[in-house]
Amino acid sequence: MKPYFPSWSLVAFAALVAYPLFPALEHHFFHLTNRSLGVELPGLFLFAILALALNVVVGYTGLLHLGIAGFFGIGAYVVGILTAPLNPFEMNFWLALLIAIAVTTFIGLLLGTPALRLSGDYLALVTLGFGEVVRFTIKNIPAVTEGTKGISPLPPPVFPGVTVDWNTDYRPFYYLALSVLLITFYLLYRLERSKLGRAWVAIREDELAAKCMGLNTSRLKLAAFSVAAGIAGLAGGIYASKMTSTVGPEAFDFNKSIFVLCCLILGGLGSRNGVLLGVFILYGFDYILSPIIDGFLQSSGLGQGKIWQQFSGWRLIVFGLVLIIVMRVRPQGLLPNNRVKDEMQHVQLPATV
Amino acid sequence: MPIRILPLLSIIVLLGIGFVIPMPANVGKPDVIRIVSSLPRTGSARGQTDTIVAGIRLALHEIDYKIQLGDKTYRIEYLDLDDANAAAGQWTAENEISNAVLANRDPDVMVYIGTYNSGAARISMPILNKAGMLMISPANTAPELTKPGAGARCEPMCYRPNGEVNYVRVVPTDDLQGALAAEWAQDLGAKKVYILDDNETYGQGVANLFEAHARSIGLEILGHESIDLKAAEFSALMTKIKLRNPDLIFFGGTTQTKASQVLKDMVKAGMDKCKFMAPDGCHEETMITQTGADIVVPGRFYTTFGGLTTDRLSVGAGKVFVDKYTELYGKPPSEAYAVYGYECGRVAIEAMRKAGKKDRRAILEAGRSIKDFDGAAGVKWSFDENGDTTLQMMTGSTVQMVKEDGKEVPHLRWSKDLQPRTTTK
Amino acid sequence: MQILFAAIDTNALTQYLINGLSYGMLIALVALGYTMVYGIVELINFAHGDLFMLGGFLGLTIVTTTISLTGASVIGNVPMTAGILLLAFILVPIFCGFLNVGVDRIIYKPLRKAPRLAPLVSAIGVSFIFQNFGLFWGGPQDVDFPKLISNTNLLGESSSIRFTYQDLLVVGVTIPLMIALTLFVRVTPLGKAMRATAQNPTAAQLMGINTERVIATTFLIGGALAGFGSMIYGLTINTVHYQMGFLVGLYAFTAAVLGGIGNIPGAVLGGLLIGLVRSLGSAYVGERWTGALIFTMLIVVLVFRPSGLLGSRVREKV
């Protein structure tokens, strides 16, 4: 029997599970860098869930989806609306999270229906347009969403047995996000090997052939869309609770969708481990490495004034170079899925009819 | 299945490292007090926050970064944290949470100066409230952060999970600014007003308050609309407004949220007689450079500011501050918020002095009960029971041509002090 | 009530149409670059909007340095203004065109035979790099672009309809460019080669067409059009910003897809539609909803005409 995960990802997971058990590590890191890994990592985990969601559509099924942040936002706002003390519902977080998943899955289905008629790049644009419509809608119906303010504050989840304060102690959210990530990871592993998962890959490889083999490609694509939407909604719901706020429409814009896509591409499309690695590198760069280096630059008296003197000012150049170099040198990503690797390295002849 | 030695080994090593590293006691440095500020240091608000930080540093520089509490002298370390990141170009919830948690966990941090954006304050206020730390904002003007009844059902109590006030601000809130702006608009001769806002917390807030007061003093409101921040131009919108023929357009927003584009398109649509008024988010010289000297001519652009602007300070009791600032940095403050940065620094120092010991609880209580404080503007003020300043000064500024190197250059200059009318209904 | 008030005013409607078409032409100009490149190499050139942005900054730099070098006042000085404009209108398109060709040579060319996603992702990467340079060039805030073109109403200041010199500039530059482009593609041998390559690159190559040269020409023309677009943008909207390419690029891309990507008249039609929806939406629905309206229109159009308004050619690659 082969192990569920390649062992290196097991090590990574073990290290992440164990990290909060050793407060000394956290303490030293904090004192060295003025940043807390424990606070930043849950955000990374949630982002990883979002990336795994996008991977279902882009990685497995091979459809370009540029609006995943929209679903992330809808999830966040559903949880926000249902749990905030501003509103009359004041629902239990877990129930609200379930509703968020149901709502996003349904909207994913709705978006998928017209998208079925479209191919390739047109589909990409429709998803992009969808993401923007979500952002505008959140912004423009303040009676429901509080407009650009974001709904805040949101109460933390209630979990039997956990008495610590969720806002000042990082550990509850750390373990919540990590366990949801692990569960998603495992479920996707099962899904990949199920009939559905294999059918998705068949569509990616050759849609016409898949159709000829009797697969109902429309229904399969729809399933991919709604599964991705549901997972993104799950991540969004937890995100809102962690931020104690739905933050605002700008947190769910096109840039976020593109950022998730970059993580996928860097790590390896269709490869769960790769996606996690991609998120770790890019999210880590933005939210952990950049602030730390900028902090050092600032305290050493450099990095004042002009934007190019700040480390984070070079962020887009770094991202851009990473994408270009990866595509040239290793288009299958850093940790590729074996099947994708074969496809990407296979030199295609110019497409013919 | 082959045994994978390397991964197994690394698990053992990791566990080992975890056990071997000793846990230091979390007591901090006994002779250091830290003050942190959390402001957007990346992105377009940088110019404003640069001067706020300079103001804070000036206050700390005056006491040579040392403070005597009881019989002990502490060194003050100041940490200038960023609540924005390059990815977003503005404040983000992630960064603000990190900053608040950082301040909370570091036992040497006694005072948290921030935030710049009211939205960010919503996120860090509950965390710092639980930590019992004094939070002083130099720039948040949204009334609902402190004033009961100004916002939604649970505000402001939901920002205070402990039930006590830990958040104070040295800047007057928008309910005053919106009202005074409306009265000033009337004084300028406006009868018909069109209101625009940027659809953001701050801008929309001021615009709504402006609208409410303008109605009550009898101005005719022709319309109120939000713009889309990402739009490049507003010529169609301005065409529509031109049909209603307003005397004045009030724009609730900031220089970063397209104020200059709205003004440009107003003139472009042919409304060159119409006046344009904006709140303190547009009170910066950048507004003039971004819009261009040919558009920002005298008699067209008006802006209000909560408190006294730099040039108003220099002709009054606040000259001391401007002189000190100029001496340390070689030039007078370029943006008006500098004085509030300075005020925050001084309030933090005063709170620590009054408390007399390095203790968050004592400093918090001393800070929020500050009364009759000698403000940098030369006026005494106190914190009221909500943590708001009793300072009720507003300045109206407009554009004047100033001779500079033989050329006439437009600059924002103080026009009048705005006082609430005594005979409103 | 407000809506009715505006709806009965035909003068206002005319004005909205002028505003909308003027903005729409600008979008169309950028959309042409998207659609041409797509037609030839099937690449959604995400960097196109940011190329446009860099053009805007170059234009700004040219204009401001010439003004400060000569030290003269340009307001009302017609020969001086014309000279500066001529210089900028020559240099900026050249810069954008050759930058576009350079990027194609260095980054997209080696990926010609790679799967579709590879050049697309590289284009996103190029877009990031361009934006970062734009950030260094112009800083994070809006930058004023000198108002060289007068805003005087050509119909007389008392007229209730405004058609200004700025609107004239948009029309006067865009329409000749579009005609020239159409003629180029229809009539010249290179244009013919371009159409052949778009139809079937392999067959075109077999017929002795140097497809690489065709591709380079396409990138050159597309980039130059973006350069013209950026100058017009600067001169009529008067603000440049390092992220301005995002919105313009997004609208242009939308315009290209609306019209049927790869289709030149389609891109123009799409651009004009977007301009009109933005202008009329702002007038009759509400300024803050215009963005949502444009994308809703896109989704609706694509649902009913999956290959765009004028895109009859549905070619599934197998």
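**A tour of chains A, B and C**

In this predicted model, helices α3(A) and α11(A) run roughly antiparallel to each other, because the angle between them is over 145 degrees. To see this, select residues 37-61 of chain A for α3 and residues 217-243 of chain A for α11; the two pack at about 170 degrees, and their axes are 9 Å apart.

Next, show the side chains where the two helices touch. On α3(A), the residues include Leu46(A), Ile49(A), Leu50(A), Ala53(A) and Val57(A). On α11(A), look for Ala224(A), Phe225(A), Ala228(A), Ile231(A) and Ala235(A), among others. By class, this contact has 20 nonpolar residues, one polar and two charged.

Now centre the view on Ala228(A). Apart from neighbours within four places in sequence, Ala228(A) is in contact with Ala53(A), Leu54(A), Val56(A), Val57(A), Ile68(A) and Gly108(A). Ala228(A) also belongs to the largest nonpolar core, which has 338 residues; Ile49(A), Leu50(A) and Ala228(A) have the most contacts inside it. To find the largest share of this core, go to chain C and select residues 10-41, helix α2, which gives 18 residues.

Following the sequence, the order is α-α-α-α-α-β-α-α-α-α-β-α-α-α. The C-alpha trace spans about 65 × 50 × 40 Å along its principal axes. How does the radius of gyration of chain C agree with that of a compact globule? For 318 residues, such a globule would have a value near 20 Å, and chain C has 20 Å, so the two agree. Colour chain C by burial: 54% of its 318 residues count as buried. Among its contacts with a separation of 6 or more, 76% join residues 24 or more positions apart.

Bring chain A back and look at where it meets chain C. Here 39 residues of chain A are in contact with 41 residues of chain C. On the chain A side, select α6 (120-140), α12 (254-267) and α14 (315-329), each of which supplies at least two residues. Of the elements on this side, α6(A) gives the most, with 11 residues. The chain A side divides into 27 nonpolar, eight polar and four charged residues.

The last stop is the contact of chain B with chain A, which takes 43 residues from chain B and 50 from chain A. On chain B, the elements giving two or more residues are α1 (5-20), β3 (72-82), α3 (93-105), α4 (118-131) and α6 (201-216).

Key:
Residues numbered from 1 in each chain as written. Chains lettered and ligands numbered in written order. Predicted model: local features only at pLDDT ≥ 70, side-chain atom pairs only at ≥ 80, totals over all residues. Contact = placed C-beta atoms within 7 Å. Helix = DSSP H or I, 4+ residues; strand = E, 2+ residues; numbered from the N terminus. Nonpolar A, V, L, I, M, F, W, Y, C, P; charged D, E, K, R; others polar. Core = buried A, V, L, I, M, F, W, Y, C linked by C-beta atoms within 7 Å. Buried ≥ 20, exposed ≤ 12 C-beta atoms within 10 Å, placed from the backbone. Axes fitted to C-alpha atoms, helices over the stretch in contact; angles between N-to-C directions. Parallel < 35°, antiparallel > 145°, perpendicular 65-115°, else oblique. Rg over C-alpha atoms; globule rule 2.2 N^0.38 Å.
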